[in-house]
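Please have a look at it first, then read on.

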Amino acid sequence: MSEELSFAAEVRRELAAHISRGKHCQKAELRALYEGCHHEKPFSILSEGLTIPEKCYSLLRKAYHLEPVRDRVGHENRVYVETGGSRVYQDLMNDQVLERDCCKRAYIRGWFLAAGTVTDPEGHYHLEIVARTEEQAENLKEILRSFDIEAKITERKGLSIVYLKEGQKVVDFLGIVGAHVALMEFENARIVKEVRGRINRQVNCETANIKKTISASAKQVEDIMYLRETVGFSQLSDGLAQMAKMRLENPEATIKELGEMMDPPLAKSAVNHRLRRLCEMARNLRDGGRNDA
């Protein structure tokens with residue numbers, strides 16, 4: 001495994017260090033962590049890593065002035081309230097906890113820490129939060145909508161997944177939860193990616209145009225050589241003869257360049273007209289038709 005953190009890990013680390021000043025926001029984030037992680041009643045949160053238990057430990061101390069207990073249960077780390085857990089649980093589940101916008105931001109931040117991930121911005125854009133119930137997913141979707149972020153929900157292995165697929169939505173989400181360093185990194189990567197994509201599209205377009213020009217030129221040269229071998233340029237009008245010679249001498253030139261080489265110079269439409277006439281004459285001759293120069 002690379003020593004460098006993935007983008008998702010960087011976001012989580014930044015959010016883990018973010019402690020809201022207001023107790024109301026601290027409670028909102030605690031509620032999200034409780035709902036999003038393995039938990040036991042009255043108030044106990046379990047997680048395989050240390051990030052979430054440590055965050056819960058800090059939030060419980062600041063919001064409730066408690067001294068939580070930390071230990072290990074099987075392969076999970078646990079933080080719990082030994083005395084007063086029921087009071088904490090009832091207080092967090094109060095609807096008033098999510099009334100303010102700042103608390104909603106903290107709540108979303110807690111959910112992402114508990115059950116969220118985001119892909120590296122160099123690849124495709126995808127951010128998701130794995131909710132335990134459909135009701136939780138719908139609630140998260142509505143809260144995100146209150147910040148003008150339209151999320152979608154899908155089902156995976158019996159769980160409801162709230163997800164975002166567009167780069168701008170991911171940027172808005174990172175701003176809402178307070179991951180400002182990650183947001184700047186994402187934006188920089190997105191700009192580089194979009195510029196690279198624009199350059200690639202331009203190169204591909206130019207390459208396609210070059211191939212088209214070469215193909216058309218090769219056909220024109222073939223037809224003009226056929227005319228020279230069958231009827232000769234002396235049978236052509238002065239304008240067509242001049243164009244035929246100019247194309248044979250400059251098989252790689254563009255229509256515009258051919259026009260500029262003519263004496264007097266011709267517009268692209270005039271060059272195209274004369275080349276089409278030459279090709280039509282060659283086709284008529286091959287079909288046994290008349291040569292009308």
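1. Does I199 count as buried, partly exposed or exposed? Bear in mind that this is a predicted model. At 45% relative accessibility, I199 is classed as partly exposed, because that class lies between under 20% (buried) and over 50% (exposed).

2. You will find I199 in helix α8, which covers residues 180-230. Together with I191, V195 and V203, I199 makes up a nonpolar patch on the surface. The accessible area of these four residues together is about 320 Å². On helices in general, there are 3.6 residues a turn, so residues three or four places apart point the same way.

3. Now turn to helix α6, residues 134-145. With twelve residues at 1.5 Å each, α6 should span 16 Å, and this agrees with its end C-alpha atoms, which are 16 Å apart.

4. Which residues of α6 are buried? They are Q136, A137, L140, K141, I143 and L144. Looking down the axis of α6, these buried residues fall within an arc of 165°, so they line one face of the helix. E134 and E135, on the other side of α6, are exposed.

5. The buried residues of α6 have several packing partners, among them the helices α2 (23-36), α5 (101-115) and α7 (167-177). The strands β6 (127-131), β7 (152-156) and β8 (159-164) also pack against them.

6. Finally, look at helix α1, residues 7-16, where F7, A8, V11 and L15 are buried. These residues cover an arc of only 105° around the axis, which puts them on the same side of α1. Their cover includes α3 (51-64), α5, β5 (116-118), α7 and α8.

Note on methods: Residues are numbered from 1 along each chain as its sequence is written. This is a predicted model: local features need pLDDT of at least 70, side-chain atom pairs count only at pLDDT 80 or more; totals for chains, interfaces and linings use all residues. Side-chain values use heavy atoms; hydrogens and water are left out. Helices (H or I, at least four residues) and strands (E, at least two) are DSSP runs, numbered from the N terminus. The expected span of a helix is 1.5 Å times one less than its number of residues. Buried means under 20% relative accessible area, exposed over 50%, partly exposed in between (1.4 Å probe, protein chains only). The arc is that of the directions from the helix axis to the C-beta atoms. Contact means heavy atoms within 4.5 Å. Patches are made of residues with over 30% relative accessible area and no salt bridge: like charges are joined within 9 Å, nonpolar side chains (Val, Leu, Ile, Met, Phe, Trp, Tyr) within 5 Å. Accessible areas come from the Shrake-Rupley method with a 1.4 Å probe; for residues, only the protein chains shown count as cover. A salt bridge is a side-chain nitrogen of Lys or Arg within 4 Å of a carboxyl oxygen of Asp or Glu.
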